[in-house]
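I opened my notebook to look up a few things in this structure. Here is what I went through, entry by entry.

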Amino acid sequence: MTPPVELLKPAQAVMNNAHSPYSNFKVGAALRSTDGQIFTGCNVENASYGLTICAERNAVFAAIATGIKDFTEILIVADSDKLPYPCGACRQVLSEFCPLDFNIYIVANQNHEITEKLSLGELLPKSFTM
Ligand code: THU
């Protein structure tokens, strides 16, 4: 399928800002809020490896910091020929703010043809809630 270009372009742009000298794996995320704004994030690694933050969480946190908490979709792109499925921690963070029908587009930048569209409910069924 063809990824939505209005999410793909900012996700690719922010992907190029990734700080990933340890994995050499660049990830970008573009998150659309219900009111139509787009928030971006890239992965930021650290010499103390466990401090690394993923692109998806950085995009969510950037939005939250502006007071926006309602979202419709996210696009995740990696400079790879494989699909960058979001990690478990990012799925759980998305579940804090996003409904089960929230759309997740996953794009391998080196092969757009294998873009996949999934819902949060498909990626994180029976998630933990308080
Ligand atoms: N990474 C993300 O940005 N998002 C994910 O959902 C999975 C992994 C990043 C973290 C690290 O900088 C690199 O990819 C390799 O794990």
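**Entry 1: a serine in a helix**

I started with S95, which is buried at a relative accessible area of 18%, because buried means under 20% relative accessible area, exposed over 50% and partly exposed in between, with a 1.4 Å probe and protein chains only. Before going on I noted that this is a predicted model, where local features need pLDDT of at least 70, side-chain atom pairs count only at pLDDT 80 or more, and totals for chains, interfaces and linings use all residues. I also noted that residues are numbered from 1 along each chain as its sequence is written, and that side-chain values use heavy atoms, with hydrogens and water left out.

S95 sits in helix α3, residues 88-97. Helices (H or I, at least four residues) and strands (E, at least two) are DSSP runs, numbered from the N terminus. What does S95 touch, leaving aside residues up to four places away in sequence? I found L120, L124 and S127; contact means heavy atoms within 4.5 Å. A polar atom of the S95 side chain also lies 2.7 Å from the backbone oxygen of Q92.

Then I looked at the rest of the helix. C90, R91, V93 and L94 are buried in α3, along with S95. The cover over the buried residues of α3 includes α2 (55-65), β3, β4 (103-108) and α4 (120-123).

**Entry 2: salt bridges**

How many salt bridges are there? I got two, taking a salt bridge as a side-chain nitrogen of Lys or Arg within 4 Å of a carboxyl oxygen of Asp or Glu.

E6 and R32 form one of them, at 2.9 Å from N to O. That pair links distant parts of the chain, with E6 in helix α1 (residues 5-15) and R32 in strand β1 (residues 27-33), 26 residues apart. E6 is partly exposed at 38% relative accessibility, while R32 is buried at 16%.

E73 and R32 also meet in a salt bridge, at 2.6 Å from N to O. Here E73 lies in strand β3 (residues 71-78), 41 residues apart from R32 in β1. Both E73 and R32 are buried. I wrote down E6, R32 and E73 as a salt-bridge network.

**Entry 3: the ligand**

Last, I checked the ligand. The residues around the ligand include E45, E56 and C87, counting any residue with a heavy atom within 4 Å. A polar side-chain atom of E45 lies 2.5 Å from a ligand oxygen. For the side chain of E56, an N or O atom is 2.7 Å from an oxygen of the ligand.

Technical notes
Polar contact = N/O pair within 3.5 Å; in protein donor to acceptor, adjacent residues only side chain to side chain.
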